[in-house]
Amino acid sequence: MARESINRCVWLVDTIRRYGRITRRELDECWQRSPYSQGRPLSRRTFCNHRDAVEELFSIRIECDRNSYEYYIADSDAHNESMTNWLLNSVTLNDVLSGSRDISDRIFVEDVPSARDHLGLVITALKEHHPIRFTYRPYTRSQPTSGVVLEPYFLKLFKQRWYVIGHHRLERRIKTYALDRMTDVIALPETFKDDPAFDPEEYFRHSYGIVVSQGEVRRVVLKVDPRQAKYFNALPLHPSQHETLHDDYSLFTYSLRITDDFVQELLSYGPRLTVLEPPELRARMCTELSTALRAYE
C-alpha cells in the first residue's frame, strides 16, 4: 500500500479515537479540513475502502452503532493497542518533521537502517505468506550464510533494529534474523501456512528483548535509586515489572529468563542499580563488572 494511503488510514483511526464516537457527517467535516481531502468530501466508497484497509493491515475494527449511527474503534487486546499507538506516533512524527525541513539542522532522530532496505518486502511476504530467501551476515562469524529460507511469522522492533522471526525451513525451528544483516532478500513465489500452535506473544513473554532462551523463568529483583526508579516507571524493562517503594530506594521485581541482552541492559545502569536476586545473575554481574574494571587497571 502506498504511503499516502497508509497515512489516510492512520488519519481515520486517529480521528475516530480522538472523538470516541463520531457520525459520518462529523467525520466528513473533519476529512475536508484534513490535508488528504483535496477539497472533496469523504465518499462512502473511500470510507469503506479505508475502513477495510485498517482492519486488514492493523487488525483494528471500526464498528458502527446502529442505534446512533456513530462509528467507534472496537476493543482490542494490549498488543493491538500498543501497535496502534506506535503507528499513530510514527506517522504523526513523520508529518511534523516533513513540515519542519527549514529547521532540520536542529532536529536529531535515531537511525533505523533496517527499515529502509528490506522492511517493505518482508511485511509484504509476511502478509501474503511467502517465504523469503536471503544471505545473512552475523557478527559472530566471518563468513555469511547464503540461501537462508525463512517462513516469516512476525516482526519485532528492538533498539533501533527490525527483526523477523519465523520458521527456518532447513533447520526446522524458529529463528530470529536482523534485517540490517540481510542481503539479497527476495520473496519466493510459493506460499506457506502459519503454525496455528505458534503464539508470538507467548514466544517473547519471558524475554527482555530479542534473545529467546529455553532456560528457567526466574524471579529477578533489582534495587534501584529513586531517580532511576522514575525512569523505570516511565519505560518499564519488562511487562512483568512490579515496584515496591522504600524510603530511599525501590525494589523492582520481574519474571523472565536471564539472557545476554538483559545482562547488557542491567550493566548499562552502573551504580544506579544492584541485582539482589537470583544469585546466578548477581554473580554474573560481579564477573562482568570485575572484567570491565581490569581493563582499566
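Q: In which helix does Leu281 lie?
A: Helices (H or I, at least four residues) and strands (E, at least two) are DSSP runs, numbered from the N terminus. Leu281 belongs to helix 10, which covers residues 279-294. The model is predicted, so local features need pLDDT of at least 70 and side-chain atom pairs count only at pLDDT 80 or more, while totals for chains, interfaces and linings use all residues. Residues are numbered from 1 along each chain as its sequence is written, and side-chain values use heavy atoms, with hydrogens and water left out.

Q: Does Leu281 count as buried or exposed, and what does Leu281 touch?
A: Buried means under 20% relative accessible area, exposed over 50%, and partly exposed in between (1.4 Å probe, protein chains only). Leu281 counts as buried because its relative accessibility is 1%. Leaving aside residues up to four places away in sequence, Leu281 touches Val220, Ile258, Phe262, Val263, Leu266 and Val275 (contact means heavy atoms within 4.5 Å). One of these, Val220, is 61 residues from Leu281 in sequence, with 8.3 Å between the C-alpha atoms.

Q: What is the order of the strands in the open sheet?
A: Two strands pair if DSSP finds at least two bridges between them. Here 5 strands form an open sheet in the order 7-6-5-4-8, and the pairing is antiparallel. Strand 7 (173-178) and strand 8 (182-187) are the edge strands, each pairing on one side only. On average, neighbouring strands of this sheet are turned by 45° against each other, direction ignored.

Q: Over how many bridges do strand 4 and strand 5 pair?
A: Strand 4 (residues 132-136) and strand 5 (residues 145-158) are joined over 4 bridges, in the antiparallel sense. Tyr136 has Thr145, in strand 5, as its bridge partner.

Q: Which strands does helix 6 lie across?
A: For such angles, axes are lines fitted to C-alpha atoms, for helices over the stretch in contact, and angles run from 0 to 180 degrees between N-to-C directions. Helix 6 (residues 119-128) lies across strand 4, strand 5, strand 6 (161-168) and strand 8. Its direction is at about 90° to strand 5.

Q: How many salt bridges does a search of the whole structure find?
A: Side chains of opposite charge can pair when their charged atoms come close. The criterion is a side-chain nitrogen of Lys or Arg within 4 Å of a carboxyl oxygen of Asp or Glu. By that test, the whole structure has 16 salt bridges. Arg21, Asp65 and Glu70 are linked in a network of them.

Q: Where do Glu29 and Arg25 lie?
A: Both are in helix 2 (residues 24-33), 4 residues apart, or about one turn of the helix. Glu29 counts as partly exposed because its relative accessibility is 39%, whereas Arg25, at 66%, counts as exposed.

Q: Which residue forms a salt bridge with Glu56?
A: The partner is Lys127, and the closest N and O atoms are 3.5 Å apart. This pair links distant parts of the chain, since Glu56 is in helix 3 (residues 44-58) and Lys127 in helix 6, 71 residues apart. Glu56 is exposed at 55% relative accessibility, and Lys127 is partly exposed at 43%.

Q: Which residue forms a salt bridge with Glu277?
A: Glu277 forms one with Arg219, with 3.0 Å between the closest N and O atoms. Glu277 lies in strand 12 (residues 273-277) and Arg219 in strand 9 (residues 218-224), so the pair ties together parts 58 residues apart in sequence. Glu277 is partly exposed at 34% relative accessibility, and Arg219 is partly exposed with a relative accessible area of 47%.
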